[in-house]
Each structure stands twice: as structure tokens, then as C-alpha cells.
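Here are some notes to read beside the model. They are set out as numbered points, each on one topic.

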Amino acid sequence: MATEVLTTADGQAKTALSKQHAAAWFASRKGEAPEIEVGTATPPMSPARPEQPELLSPRDVPKRRPGTEAGRIALLHAVAHIELNAVDLHWDIIARFGHVPMPIGFYDDWVKCAEEESRHFEMVCECLKQIGSFYGALPAHAGMWRAAEDTADDLMGRLAVVPMVLEARGLDVTPGMIDIFRKAKAEDAIAALEIIYAEEVGHVAYGSKWFHFLCGRENADPKDVFHQLVRHYFHGVLKPPFNEEKRAEAGLPPDFYWPLTEDLPAPGAASK
Ligand SMILES: [Fe+2]
Ligand SMILES: [Fe+2]
């Protein structure tokens, strides 16, 4: 089921299938439908994507000022792109790591996230439509899948980088985005972003929960392992300001992320 979502290119078709499979999973878990067993699968290295938007290197994606309608369209378009990518990321963790024995709750959590991201994508597409645009109208960032590729062989690395770094970053930036739409009195966009903001806390929390679970199983110190994995797999340093309150709510304490705001001294550099 996860692989089927990943190999569906069209955004609306992908999210429709994602919601359908999520509903089937939860019906099965409640005993209302035949049991679905966790199997193994060979997901594609990269998910299928629609022909539009054109994917460009981040430095080639045109910047638009957020105070203008064109700027707000570009912002919503970027959010839609992130949400569609997130749908694939959550199904990918399910398909990619089927060989790692995990409690059934692990699958419940990521299916729930995938279902939420599918709604996020659809809500943002609806907002785009209301201001005369659509997903695919503008170029979007290539390279969003890089974190998934880099951590394709490492479940703990995947949890550290995707929910605990990238999705946590969403908690930092979303309030500022909501302000932009509040100034424009764009009620639909405000409502959509507020739902996204509330639900994303849960995604970070699931990441933190299962990361800690795996550290516990390996008798490893979560903070040290987190620092090692992020430094190994994530390109660049983390950028403050952080939403410390929402990060704490999601189970990410400051001593996890603050040390990652600084580059490590180069190997062999003199230390005092
Ligand atoms: Fe989302
Ligand atoms: Fe998310």
C-alpha cells in the first residue's frame, strides 16, 4: 500500500490513495475490516512526481516578496510542495524499514501522519485555487528527497533528520507564515496553516518517541546519538530562532538542537 502511494505521480491521486489506505489500515486495526499485516516492500528510491511543478535547485527558485499576492501564492505553493513530499516521506518510512522489527504502534503513527499530510496538501491546494493558482503553476525546490535518500539504510538517521530536524523546523517557521496571511486577511490560508501547525507537533513527537524507543533498545544515549546522526546525515547547521515551546511539547529538549547550531571544529584543529 505504501509503495502504491509512492509510485503514484499525480498529487491529488496520491493523496486520495494515501487517505484510502490510511482508512483501510485503521479499519483493520479497529477490527472493522480484515486484518492488514505489516509486510516488506521495495519502495522506489524516489517517489513518482507530477510533470509540473518543474523542480529547480533552491538557488534558482525565484524569490518573491511575501507582502504581495504573488509572494503569498509562492509561499502557499512552497508549502504544498513540502506537504506532498511529506506524504511520500511517511509512506516511505513504512515501506523502507519493514525489515526492522517495530511495534505495531510505529505503523499507526506514520499512517496517521501520512493521512494528515494528505489533507494538508489538499487544503493548501484549495487555498491556491481560491487565489487563482494551483500546485504546479510555479517551479519548486528539487532536492527535497535528499534526506530520504541519505538515510535510506538507517532508521535512526531517518527519524533524527526527517521528523526531528526538518519537521521541527516547520514548527519554527509556521507562526511567521500565519502572520503574513493574517496581514492579508486571507482567512482560508490562516485556517489551513493553523491546522498544519497543530498537527505537525504530533509528527515531531512521533519522531522523538520512536527515536527514543530505538535508543532504549540499543542502550544508547539519545542526545549523543542524535547529535552524531544529524551531523552525519544533515547538510549544514540548524538555524535559530527555535520554537522552544512547541519543540518541548513534541519531546525535543533544547540540549538536542542547540549544540547543532555550531559547526564542529575541523578534525585536527587545535582545541583549548
Ligand atoms: Fe504537513
Ligand atoms: Fe508533517
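Predicted model: local features only at pLDDT ≥ 70, side-chain atom pairs only at ≥ 80, totals over all residues.

1. Helix α4 covers residues 104–130, which is 27 residues. Just after α4 comes Gly-132, with a positive phi of about 75 degrees.

2. Is α3 mostly covered or mostly open? It is mostly covered, with 21 of its 28 residues buried.

3. On the overall make-up, the protein has 10 helices and 2 strands. Along the sequence these elements follow the pattern α-α-β-α-α-β-α-α-α-α-α-α.

4. What radius of gyration does the protein have? The value is 19 Å, and a compact globule of 272 residues would have one near 19 Å, so the two agree. Taken along the principal axes, the C-alpha atoms fill a box of roughly 60 × 55 × 30 Å. Of the 272 residues in the protein, 38% are buried.

5. Next, a helix pair. Two packed helices are described by the angle between their axes and the distance between the axes. For α6 (residues 155–183) and α7 (residues 187–217), the axes come within 8 Å and cross at roughly 160 degrees. Angles over 145 degrees count as roughly antiparallel, so α6 is roughly antiparallel to α7. The crossing in which α6 passes α7 is left-handed. Residues of this contact divide into 23 nonpolar, 5 polar and 4 charged.

6. The backbone has some points to check. Most residues other than glycine have a negative phi, and most peptide bonds are trans. Lys-185, in the loop between α6 and α7, has a positive phi near 50 degrees and is not a glycine. Is Lys-185 buried or exposed? With 8 C-beta neighbours inside 10 Å, it counts as exposed, because the cut-off for exposed is 12 or fewer.

7. Asn-219 is another non-glycine residue with a positive phi, here about 55 degrees. Its place is in the loop between α7 and α8. Asn-219 has 6 other C-beta atoms within 10 Å and is therefore exposed.

8. Pro-53 is found in the loop between α2 (11–29) and β1 (55–56).

9. A cis peptide bond also joins Pro-240 and Pro-241, where omega is about 5 degrees. Pro-241 is placed in the loop between α8 (222–233) and α9 (244–249). Pro-241 counts as exposed because it has 8 C-beta neighbours inside 10 Å. How far is Pro-241 from Ala-86 in sequence and in space? The two are 155 residues apart in sequence, and their C-alpha atoms are 23 Å apart.

Methods:
Residues numbered from 1 in each chain as written. Chains lettered and ligands numbered in written order. Axes fitted to C-alpha atoms, helices over the stretch in contact; angles between N-to-C directions. Helix = DSSP H or I, 4+ residues; strand = E, 2+ residues; numbered from the N terminus. Parallel < 35°, antiparallel > 145°, perpendicular 65-115°, else oblique. Left-handed = near helix turned anticlockwise from the far one by under 90°. Nonpolar A, V, L, I, M, F, W, Y, C, P; charged D, E, K, R; others polar. Buried ≥ 20, exposed ≤ 12 C-beta atoms within 10 Å, placed from the backbone. Rg over C-alpha atoms; globule rule 2.2 N^0.38 Å. Expected span 1.5 Å × (residues − 1).
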